Amino acid sequence: MSLELNAGDQSMLHGEQGSAAAAAMEILVAFAKAVDARKLLDIAGAHIDGCLYHGQASLDFVERLIEGGGRVRVPTTLNVGSFDLIHPGLVKMTAAEEVPARRLMKAHLELGCQATFTCAPYQTRFRPGFGEQIAWGESNAIVFANSVIGARTNRYGDFIDLCCAITGRAPAWGLHLIENRRGQVLFELTGGLEPTDALFVGVGLIVGQRSGDRIPVISGLPPPRDEDQLKALGAAAATMGAVALFHAVGITPEAKTLDEALHGLVPEEKIRISRADIDHALAKLSSVPDGVLLAAVSLGTPHFSHEEWMRLLPLLREVAPGRGVPIYVNTGRATLARLQDEGALAGMEAFGLVPVADTCTYVTTIIERLDGVVMTNSGKWAHYAPGNIGVSVAFGDMEDCIRSAAAGRVVRGAP
């Protein structure tokens with residue numbers, strides 16, 4: 001299949017708009033051909049997942065674009081890096097580790113990217129609109145944009161997302177095209193389930209594990225309290241599998257009805273999800289039983305929203321944890337700045353609150369005690385943290401986490 005390039009694409013490819021644009025377009029053209037795209041399309045924005053330092057190659061790539069005069073052509077947000085630039089004292093790194101980690105974050109700014117450093121760009125002023133074509137990296141951001149907002153993006157990895165931003169173009173394939181957004185496998189929830197935070201995590205885990213490369217449709221999901229519950233579902237589904245789009249019947253914008261979600265066709269498979277299935281999936285997130293001593297709590301993976309903070313802060317005042325168990329909350333710097341402007345965090349350090357910005361506690365060494373048990377309300381954090389930083393994990397709702405911090409040990413269920 002031949003790839004159609006317009007005059008602007010050809011101009012970039014031939015170096016008429018600088019060597020950085022030429023390099024980015026050359027990579028993008030090769031990628032588009034590999035996925036059998038027929039043409040490129042304009043994008044309204046990009047989100048870059050390459051700020052997390054994994055080695056010199058990632059820094060070399062960005063430096064080459066800077067040297068070639070590269071600038072992003074669309075509003076471009078940045079995912080988390082390896083360093084908390086707002087609270088540098090929290091990060092435990094040697095100078096040799098810190099220098100390239102900081103440089104990679106700064107280098108992206110020199111390309112014209114926005115200093116968001118958040119895995120939840122949909123919480124910023126750069127949130128896309130329904131139907132907008134975007135090129136996003138970061139699995140939870142991708143599934144949220146596609147599913148909850150109804151924007152259009154594929155799962156773009158490091159370097160390709162930045163090439164899209166530099167050129168302002170993306171291959172017209174996959175989820176950019178309406179015909180490829182049809183639901184394929186139907187998950188039917190049974191038993192009148194309550195819309196707890198844990199329910200949405202559990203459903204996400206099962207959907208991610210059972211969908212494969214198919215687009216899931218979920219029926220029977222109770223109306224969520226807010227979009228943060230859908231955020232948790234999508235993050236868990238993308239963590240456990242390859243989900244980049246889900247349809248929740250009667251909830252998400254492309255699934256007002258089951259028929260709309262399936263584009264009028266019959267699902268390839270139907271899978272029932274019971275309360276027992278959800279309990280089983282959630283149980284596998286914890287590696288320790290109730291009652292064990294707690295070293296820390298980590299919330300906000302994906303980044304904590306302002307609405308989640310408004311639920312957490314009154315809970316901290318009510319429960320008043322004071323046993324010295326730190327409560328790390330990963331959040332975007334824009335959300336943190338808003339909280340500080342509102343004076344919402346005044347006195348919260350007395351309860352062990354430790355805000356973390358620009359990064360996340362499962363990708364950077366921030367937590368003081370890695371030899372103990374950390375409790376989280378995040379399915380994504382619970383899945384990745386044991387392998388990434390070597391901690392034992394207990395999963396529970398936000399209320400469970402805060403009551404556990406107050407007790408100094410893992411407690412779950414009603415107080």
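Predicted model: local features only at pLDDT ≥ 70, side-chain atom pairs only at ≥ 80, totals over all residues.
Figure 1. A residue counts as buried when its relative accessible area is under 20%. The C-alpha atoms of Pro171 and Asn154 are 9.4 Å apart in space, and the two residues are 17 residues apart in sequence.

**Figure 2. Packing of helix α2 on helix α6.** Two packed helices are described by the angle between their axes and the distance between the axes. For helix α2 (residues 19-34) and helix α6 (residues 160-167), the angle is about 125° and the axes lie 9 Å apart, and the two helices are therefore oblique to each other. The crossing of α2 and α6 is left-handed. On the α2 side the contacts are made by Ala20, Ala21, Ala24, Met25, Ile27, Leu28 and Phe31, which meet Ile160, Cys163, Cys164, Ile166 and Thr167 of α6.

**Figure 3. Packing of helix α3 on helix α4.** Helix α3 (residues 56-67) and helix α4 (residues 95-110) pack at an angle of about 30°, with a separation of 10 Å between their axes. Angles under 35 degrees count as roughly parallel, and α3 and α4 are therefore described in that way. Their crossing is left-handed. Ser58, Leu59, Val62, Glu63 and Ile66 are the residues of α3 that meet α4, where their partners are Pro100, Arg103, Leu104, Ala107, His108 and Glu110.

**Figure 4. The open sheet that contains strand β11.** Five strands form an open sheet, a sheet of 5 strands in the order β12-β11-β10-β13-β14, and their pairing is parallel. Strands β12 and β14 (392-395) stand at the edges with a single partner strand each, so one side of each is left without a neighbour in the sheet. From one strand to the next, the twist averages 25°.

**Figure 5. Strand β11 and its two partner strands.** All 5 of the 5 residues of strand β11 (residues 327-331) are buried, so this strand is largely enclosed by the rest of the structure. In a regular strand the side chains alternate between the two faces of the sheet. In β11, Ile327, Val329 and Thr331 point one way, whereas Tyr328 and Asn330 point the other way, and all are buried. Strand β10 (residues 296-304) pairs with β11 in the parallel sense over 4 bridges, and within this pairing Val297 stands opposite Ile327 of β11. The chain passes from β10 through helix α11 (residues 306-319) to β11, and this β-α-β crossover is right-handed. Strand β12 (residues 353-357) also runs parallel to β11, to which it is joined by 5 bridges, and Asn330 stands opposite Val356 in β12. With helix α12 (residues 333-342), β11 and β12 make up a right-handed β-α-β unit.

**Figure 6. Helix α14 and the elements it packs against.** Of the 10 residues of helix α14 (residues 398-407), 7 are buried, so the helix is largely enclosed by the rest of the structure. The buried residues are Met398, Asp400, Cys401, Ile402, Arg403, Ser404 and Ala405, and the elements against which they pack are β10, α11, β11 and β13 (373-376). Just after α14, Gly408 takes a positive phi of about 80°.

**Figure 7. Ala406 in helix α14.** Ala406, a residue of helix α14, has a relative accessibility of 21% and therefore counts as partly exposed, whereas Ala405 is buried. Not counting residues up to four places away in sequence, Ala406 touches Val319, Pro321 and Arg323. The C-alpha atoms of Ala406 and Leu316 are separated by 9.3 Å, although the two residues are 90 residues apart along the chain.

Technical notes: Residues numbered from 1 in each chain as written. Heavy atoms only, no water. Buried < 20%, exposed > 50% of the residue type's maximum accessible area, 1.4 Å probe, protein only. Pairing = 2+ DSSP bridges. Right-handed = clockwise from strand over helix to strand, strands pointing away. Axes fitted to C-alpha atoms, helices over the stretch in contact; angles between N-to-C directions. Contact = heavy atoms within 4.5 Å. Parallel < 35°, antiparallel > 145°, perpendicular 65-115°, else oblique. Left-handed = near helix turned anticlockwise from the far one by under 90°.
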